[in-house]
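Let's take a walk through this structure together, one piece at a time. Keep the picture open beside you as you read.

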Amino acid sequence: MRRSLGAKIMVTALAVSLVAACGSDSGDDGPVELTFWSWAPNIEKVVDAWNADNPDIQVTLSKQAGGGDIVTKLLTANEAGNPPDLAQVEYQSLPTLVSNDVLADLADLAGDTESAFAAGVWQQVTLGTDAVYAIPQDAGPMMLYYRADLFDQYGLTVPTTWDEFGQAARDLRSQTTEHYLTTFSAKDPGWFAGLAQQAGAAWWAIDGESWRVTVDDPATRKVADFWGGLVTEDVVDDQPMYTPEWNQALNDGTLLAWPSAIWGPGVLAGNAADTEGLWEMAPLPQWSAGENVTGNWGGSSTGVTEKSAHREAAVEFATWMNTDPAATELLVRESAIYPAARDAQTGPALAEPPAFFANQPDFYLVAQEIADTAAGFTWGPNVNVTYQTYMDSFAAAITNRTPFVDAAAAMQTATVDDMRGNGFSIAE
């Protein structure tokens, strides 16, 4: 039976005194050789910069296909006894790798690294415990993109609350049947998870040696019910994102807004090129007036493996890559990521707005203020099951016009059943 993640964390804490021995870099002849798996574009330029300045610790990069593929390969390599020293890992994949003994707890080696990151980002690499399972690399704070010209045309005010957002959707549809404020996508569970985070959702938590699972908590049900109501009223569309039809709707103004994340400008530039300079960005609407919180959609970290013989050197490289000003500037310019480190979010590489948003010169200053407000979140060990159930259940709710809260309940049931089936202890 698979050991619970809670139990693993307790064992890890008891074994901290052994880490220095098993992760020692002393006694080697020649430079320490580290292997690093990553899918970030042009990440080799960051690695080359490190290698040029650090002859005693050399990093060999192995480019990977993507976040999902890298998890499968890490599990296989760990089982075979030959994982890399470091790997890029999406935040939601960390619990899977921790519970399978792939990633090491870096708490005794991370020093004051936590101070470089917003609290909500840091929680994603700690799983809500005292352990540290990775160094944050990039973040995906959510915000609202909207067509400023069409808002003006239809007399819409940028909503600051979700109630105002719903009313804007109704006001628009009262004037035209050709446009929607936005769409609800049953194909994008990460989007929904970010919106749920903003509302205060806590889908997983570690409770002693067990997991506590509340995927259908009140916050999530609130988000589901809100969007279900708008879809039922036909004041927001119900078509999925990232389809040719969605691209066209962004490009021709059928959709006026998109609750998305910091990487949204790249998507808009690629899919709605004709609208350059017509969009603006604002914070997500809030659930209560005066609140100031957002969620995350996306992001990744740099983990060090349990079997690495050079943990100390690996943490040194991971920390440099994700916090050093020169390194983070390379990550922004070459890998086109939004850095998780707070100082890098207003660094020289982000002094100018995205070209698609040249009309909003303070774009990244506003984005950094939003990023600071990201809610903390603990991911669980079977996000893939939760996400697949989201897609199946919400698609069925749209087709059958059944309550969205029932789809959230289905996510809860599927998540708990799968975890129990795989030997995880679930707290009642």
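Isoleucine 135 stands opposite threonine 302 in strand β9. What we are looking at is a predicted model, in which local features need pLDDT of at least 70 and side-chain atom pairs count only at pLDDT 80 or more, while totals for chains, interfaces and linings use all residues. Residues are numbered from 1 along each chain as its sequence is written, and side-chain values use heavy atoms, with hydrogens and water left out.

Back to that pair of residues. Strand β4 (residues 135-147) and β9 run alongside each other in the antiparallel sense, joined over 5 bridges. Here two strands count as paired if DSSP finds at least two bridges between them. The names come from DSSP runs numbered from the N terminus: helices are H or I with at least four residues, and strands are E with at least two.

β9 has another partner too: strand β3 (residues 86-90) pairs with β9, again antiparallel and over 5 bridges. If you want a spot to look for, leucine 86 has valine 304 as its bridge partner in β9. How much of β9 (residues 296-304) is covered? Of its 9 residues, 8 are buried, so call it mostly covered. Buried means under 20% relative accessible area, exposed means over 50%, and partly exposed is what lies in between (1.4 Å probe, protein chains only).

Now move to strand β1 (residues 32-38), where 5 of the 7 residues are buried. β1 pairs with strand β2 (residues 57-63) in the parallel sense, over 7 bridges. Phenylalanine 36 finds its bridge partner in leucine 61 of β2. A handy thing to remember when looking at strands: in a regular one, the side chains alternate between the two faces of the sheet.

**On to the helices**

Two packed helices are described by the angle between their axes and the distance between the axes. The axes are lines fitted to C-alpha atoms, for helices over the stretch in contact, and the angles run from 0 to 180 degrees between N-to-C directions.

Start with helix α3 (residues 43-53) and helix α14 (residues 325-335), which pack at about 150° with their axes 8 Å apart. α3 and α14 are therefore roughly antiparallel to each other. That label goes to angles over 145 degrees; under 35 counts as roughly parallel, 65 to 115 as roughly perpendicular, and the rest as oblique. Ile43, Lys45, Val46 and Ala49 of α3 make the contact with Leu330, Leu331, Glu334 and Ser335 of α14, contact meaning heavy atoms within 4.5 Å. By class, the residues of this contact of α3 with α14 split into 5 nonpolar, 1 polar and 2 charged. For those classes, Ala, Val, Leu, Ile, Met, Phe, Trp, Tyr, Cys and Pro are nonpolar, Asp, Glu, Lys and Arg are charged, and the others, Gly among them, are polar.

α14 also meets helix α13 (residues 311-323): their axes come within 5 Å and cross at roughly 65°. α13 and α14 are therefore roughly perpendicular to each other. On the α13 side the contact uses Trp320, Met321, Asn322 and Thr323, and on the α14 side Pro325, Ala327, Thr328 and Leu331. This contact of α13 with α14 has 5 nonpolar, 3 polar and no charged residues.

The contact of α16 with α17 divides into 11 nonpolar, 4 polar and 1 charged.

**A few loop residues**

Arginine 401 lies in the loop between α16 and α17. Its phi is positive, about 55°, although arginine 401 is not a glycine. With a relative accessible area of 44%, arginine 401 is partly exposed.

Tyrosine 242 sits in the loop between α10 (218-233) and α11 (244-252), and its phi is near 60°, a positive value in a residue other than glycine. Tyrosine 242 counts as partly exposed, at 37% relative accessibility.

Is threonine 183, our last stop, buried or exposed? Threonine 183 is buried, with a relative accessible area of 2%. You'll find threonine 183 in the loop between α8 (162-175) and α9 (189-198). Leaving aside neighbours within four places in sequence, its contacts include Trp191, Trp227 and Trp246.
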